[in-house]
There are 2 protein chains.
Amino acid sequence: MTGVITLADGAGGKASRKLVEGLFLAELRNPLLEPLGDAALVSANGTRLAFTTDSYVVRPLRFPGGDIGELAVNGTVNDLAVFGAIPLALTAGFVLEEGFPLEELRAIARSMARAAQDASVSVAAGDTKVVERGAADGLYVTTSGIGLLDPRVELDVTRVRPGDRVLVSGGIAEHGIAVMLARGNLELELDVESDTAALHGLTAALCALGRELRWMRDPTRGGLATTLNELAGGAGATVVLREEAIPVREDVRAACEILGIDPLYVANEGKLVAVVAPDAADRALALLGALPLGADAALIGEIRADDIPLVLVDTPFGGSRIVDMLVGDPLPRIC
Amino acid sequence: MTGVITLADGAGGKASRKLVEGLFLAELRNPLLEPLGDAALVSANGTRLAFTTDSYVVRPLRFPGGDIGELAVNGTVNDLAVFGAIPLALTAGFVLEEGFPLEELRAIARSMARAAQDASVSVAAGDTKVVERGAADGLYVTTSGIGLLDPRVELDVTRVRPGDRVLVSGGIAEHGIAVMLARGNLELELDVESDTAALHGLTAALCALGRELRWMRDPTRGGLATTLNELAGGAGATVVLREEAIPVREDVRAACEILGIDPLYVANEGKLVAVVAPDAADRALALLGALPLGADAALIGEIRADDIPLVLVDTPFGGSRIVDMLVGDPLPRIC
């Protein structure tokens, strides 16, 4: 592997996958890292924990619906929650650019505190480094988290079976579009807010399904399309979606059409994808729909046995198309 | 608090302390964060864990004796080890600058893998973000770690008593001087290597002292002087050092003299400070001295009751001077 890092390497799609597998996994290979999930499963004295980290470089630092602090807390809470873990504690490591306004830093810390409180978790430890003017773009933050695994569930992509149902907890593509609009280089008069939110309430509700809950993920960078491709690859089966069942708010859909972007590839920061046993789909929808964050939850597709695992979208006109992982990076620094 | 971030805010001394207390603790206050240690103590289902994070922005990325990858792994292992915890798992979050050479990234990942293996710990999860050219300086990495607390010890600065002895595991100031020399803007012909090393072996040995082991720290940014001021403040007692007992390698001392820097303020990345009960000092020295990393361990001072907690250095000429925390930042981006 020669060459240099490109923006696509950080976009969460095909290039990211290649970098992670070809370089990081190749060098750091160990049984904990190998599943390449968003969190690792660690056993401490018999206590089963999830452990995760994410770096945040979103630009701008504030956007409609949130800021980098809230995003970082929610993102780490969500990486734990979708592994069926109850978040216990977070850490935050800041890289600050010399000259960054203290009042802005205070507002970001405050918004982290609020998000942490909403998720019933504490920022337990932190670190701050400062680099010279021009060596960073204001502020980057890396949050890590540990959570306690819910013993009722056994979430594993290899437990996904043909016939299992695929659900999403609400409208997609809101975060990515909100951040793009916030950058102000588009002349669109739309009022889209990021969906940044902590999903621990939704995931805890679904854990009541026990072993009928197979797998969960939050479709962030690379959007729903990329997450479902990871599902298909991991399960060794095809994911068949019904296009008209996928919830997309009207203004978000309009923005995507104007921008020529497929909402399936746009980042979400407060949405959940869940795979459940066929008989559990109605109960799962009821559990999600009973919570405000799951009010627009929908059954969007199912798993089908297939020799070549794919993500297929059935269109309302009777056709179907293949939806690949994200290639390139249409929206750099979205989180 | 108005104004902007300065390089001193990231130096680990007085300004860092003010930023952490006046901004981060003020906004994020919670019982886990409040002790402001380098790691937080978290209970998971009755299992007692230490949880820590550190961001690394060292410049240059490679220096005599190590690189940013090794430094990040050892630093996180050490933050766990000095809390009496056996490292269980690490995570790594990368912020990469577009255009960063893949071969250089591979070498850094390889060096993280080697350091992790040496410390019997795995990098269990990670994340990669990419920012545009000019929005970072090559690569920043944030490592986090969890460790299992050793039940034999109860390490707490409030258990430090007058008469307790202060030990250091070897020569100080090597990392900071090595990085300064590596920057190449000094015309010194000295061959100083960073002391970057994992301290879990030394700390595990000292844990055999049980409750006679009071407190441990690794004196990184801000050097031994800053760490001992935190000790004095936390214990509410004065630390009295014997200057000639503090180990400093001859070439390091020479470099410090030429540069006009006090070695007490220069960062270490593989040294341990321990406070032990008076009767345990000889045993502690023997335990450290039996291990290669502790071959130059020394008893450097003791704790004295005092109304105003200070760090005092008794000089060989019969006088004594007050050693304050680091003020300003003589060596930006040392780790």
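Guide: The C-alpha centres of domain 1 of chain A and domain 2 of chain A lie 23 Å apart. Domain 1 spans 37-149 and domain 2 spans 157-322 of chain A, with bounds taken from an automatic or database domain assignment. This is a predicted model, in which local features need pLDDT of at least 70 and side-chain atom pairs count only at pLDDT 80 or more, while totals for chains, interfaces and linings use all residues. Residues are numbered from 1 along each chain as its sequence is written, chains are lettered from A and ligands numbered from 1 in the order in which they are written, and side-chain values use heavy atoms, with hydrogens and water left out.

In chain A, 5 strands form an open sheet of mixed pairing, in the order β1-β2-β7-β5-β6. Its edge strands are β1 (39-44) and β6 (122-131) of chain A, each of which pairs on one side only. From one strand to the next, the twist averages 20°. Here helices (H or I, at least four residues) and strands (E, at least two) are DSSP runs numbered from the N terminus, and two strands pair if DSSP finds at least two bridges between them.

Within the sheet, β2 (residues 47-56) and β7 (residues 139-149) of chain A run antiparallel and are joined by 8 bridges. In this pairing, G147(A) of β7(A) stands opposite A50(A). Strands of a sheet pair through backbone hydrogen bonds, either parallel or antiparallel.

Helix α3 (residues 102-118) of chain A lies across β5 (85-97), β6 and β7 of chain A, and runs at about 15° to β7(A). Axes are lines fitted to C-alpha atoms, for helices over the stretch in contact (heavy atoms within 4.5 Å), and angles run from 0 to 180 degrees between N-to-C directions.

We may now turn to the boundary with domain 2. There, 23 residues of domain 1 of chain A are in contact with 20 residues of domain 2 of chain A. The two domains of chain A bury about 1,700 Å² between them, 58% of it on carbon and sulfur atoms; buried area is the accessible area (1.4 Å probe) that two parts lose on being put together, summed over both. On the side of domain 1 of chain A, P64(A), N78(A) and V82(A) lose the most area to domain 2, together 31% of what that side buries. Helix α2 (residues 68-81) of chain A gives the most to this side, with 8 residues. Across this interface the rule finds 0 salt bridges, a salt bridge being a side-chain nitrogen of Lys or Arg within 4 Å of a carboxyl oxygen of Asp or Glu.

Lastly, there is the neighbouring chain. Chain A and chain B bury about 6,900 Å² between them, 66% of it on carbon and sulfur atoms, and the contact takes 79 residues from each of chain A and chain B. The rule finds 10 salt bridges across this interface. In one salt bridge the side chains of R59(A) and E132(B) meet at 3.2 Å, N to O. The elements that give two or more residues to the side of chain A that touches chain B include β1, β2, β5, α3, β6 and β7 of chain A.
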